[in-house]
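Let's take a walk through this protein, from the overall layout down to a few charged side chains. Have the sequence and the model open side by side as you read.

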Amino acid sequence: MKRFVKKAVVLIVSAALLGSVSACTGRDRDVVKRVAEVENREPVKHVDLLDDDSLMERYFNAVEDFDRVQYEQIVFTSDYDIGPHEYRFRGVVYLTQDEADRLQNAYEWEEITDPEFEFDLVDISGAGDAPWYRCRQFEKDNYSMIVPYYTYFNGENLVFDIHQT
């Protein structure tokens, strides 16, 4: 009888171990499959058109006066994102004539040939014509806590593309 009990205990323990190993392996495969699905999902681009002055107050240090600003706030998200997100802002600052003159004289602007503007919602037809200029010192003096991809100036307005870090 003792031999029978020993064999029965060994069989029960073996069956329990096999069951738990196969259950864990199945769960691991499910987790790996779900992670792969998330990693293969493309982020979704969200674009909002804004015209509030808060962007100027937060990031533009060298601009003292302007008529208005219009910009896109862009963020990429997915179903499984947990904030915070880094935003991209691109748009036009419509300067007052006095401010445009002040910036023209305060910085050494270099002419840019064929600047490329890319916008989803901002209409830049009213931003003025070429020639466009760029000044690295203006970008250095102007932006706080943000990375400028570019800021172009045509003597009247600023066209910008900046990103949070």
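Predicted model: local features only at pLDDT ≥ 70, side-chain atom pairs only at ≥ 80, totals over all residues.

Let's begin with a word we'll need a lot: a residue is buried when its relative accessible area is under 20%, exposed when that is over 50%, and partly exposed in between (1.4 Å probe, protein chains only). Residues are numbered from 1 along each chain as its sequence is written, and side-chain values use heavy atoms, with hydrogens and water left out.

Now for the layout. Helices (H or I, at least four residues) and strands (E, at least two) are DSSP runs, numbered from the N terminus. There are four helices and seven strands here, and along the sequence they run α-β-α-β-β-α-β-β-α-β-β. Say that two residues are in contact when heavy atoms come within 4.5 Å. Of the protein's contacts with a separation of 6 or more, 64% are between residues 24 or more positions apart.

Setting aside neighbours within four places in sequence, Asn142 touches Tyr59, Phe60, Asn61, Ala62 and Val63.

On to the charges. A salt bridge is a side-chain nitrogen of Lys or Arg within 4 Å of a carboxyl oxygen of Asp or Glu, and this rule gives a count of nine. In one of the salt bridges, Arg88 meets Asp161 at 2.6 Å, N to O. Arg88 sits in strand β3 (residues 88-95) and Asp161 in strand β7 (residues 157-164), so the pair ties together parts 73 residues apart in sequence. Asp161 is buried at 3% relative accessibility, while Arg88 is partly exposed at 21%.

Another salt bridge joins Glu118 and Arg90, with the closest N and O atoms 3.6 Å apart. This pair also links distant parts of the chain: Glu118 is in the loop between β4 (110-112) and β5 (132-134), and Arg90 is in strand β3, 28 residues apart. Arg90 is buried, with a relative accessible area of 0%, whereas Glu118 is partly exposed at 46%.

Glu139 and Arg134 form a salt bridge too, their closest N and O atoms being 3.0 Å apart. Glu139 is buried at 7% relative accessibility, and Arg134 is buried at 13%.
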